[in-house]
Amino acid sequence: MDDRIWQGVMEGSEKKEQDMQAHSSTGTWMQSWGEVVALLNRAADIGVEAAEIDPALHSTAWWADLVAAAAVQLLPPEHDLTLNQVVLPDHLLELGFVAIVQAAHEAALAIPIDQVPAPAQVVIAELTALASEVEQ
C-alpha cells in the first residue's frame with residue numbers, strides 16, 4: 001500500500017471538511033458510505049481472525065483495517081451513532097474475507113460518482129487496489 005490513502009484523507013483537512021460538509025447533506029451518500037464502512041470493518045475483523053490460521057492473509061487483513069479507518073475518518077462525528085446501527089444482511093455476515101472485501105468494493109462503486117467527495121474517491125481507489133489484490 002502506498003501513502004496515497006493517507007495523503008488523500010489526512011492532508012488538506014480544511015478542504016476535506018468543506019468538501020465533506022457539502023456532500024454530508026446527501027443522505028444517500030452517508031447511508032451508502034456507512035454500509036461501505038461497516039463492510040470494511042467486517043472484512044478487517046474477519047481478515048485478522050483468519051490471519052491467525054493463515055499468515056498469508058496478514059498483510060491484506062491489516063490493509064483492509066487501514067482502508068476501513070480511512071473510510072471512518074470521512075464520516076462526520078455525529079454519524080458514529082448511526083454507523084453502529086448499520087445492519088448488514090445475513091448473507092453478507094456469512095461471507096469470508098475476500099467476499100466481504102469485494103462486497104465493500106461493489107458497494108463503494110455503486111455510489112454515484114457525483115455524490116462521492118474527493119477524499120472518498122481516494123479511499124475508493126485504495127479499496128479497488130485491495131479488492132484486486134485479494135482476488136489474486
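Which residues have the most contacts inside the largest nonpolar core? They are Trp 33, Val 36, Leu 39, Leu 40, Val 101, Leu 127 and Leu 130, in a core of 37 residues. Such a core joins buried Ala, Val, Leu, Ile, Met, Phe, Trp, Tyr and Cys residues through side-chain atoms within 4.5 Å; buried means under 20% relative accessible area with a 1.4 Å probe, protein chains only.

This is a predicted model: local features need pLDDT of at least 70, side-chain atom pairs count only at pLDDT 80 or more, and totals for chains, interfaces and linings use all residues. Numbering starts from 1 along each chain as its sequence is written, and side-chain values use heavy atoms, without hydrogens or water.

Helices H3 (27–53), H4 (58–73), H7 and H8 (118–135) each give two or more residues to the core. Helices are DSSP runs (H or I, at least four residues), numbered from the N terminus. H3 gives the most, 11 residues. Trp 33 touches, among others, Leu 74, Ile 111 and Val 123; contact means heavy atoms within 4.5 Å.

Now to H7, residues 97–109.

H7 packs against H8 at about 145 degrees, axes 9 Å apart. Axes are lines fitted to C-alpha atoms over the stretch in contact, with angles from 0 to 180 degrees between N-to-C directions. The contact includes Val 101 and His 105 of H7 and Leu 127 and Leu 130 of H8.

Conventions: The expected span of a helix is 1.5 Å times one less than its number of residues. Buried means under 20% relative accessible area, exposed over 50%, partly exposed in between (1.4 Å probe, protein chains only). Lists of a residue's contacts leave out its neighbours within four places in sequence.
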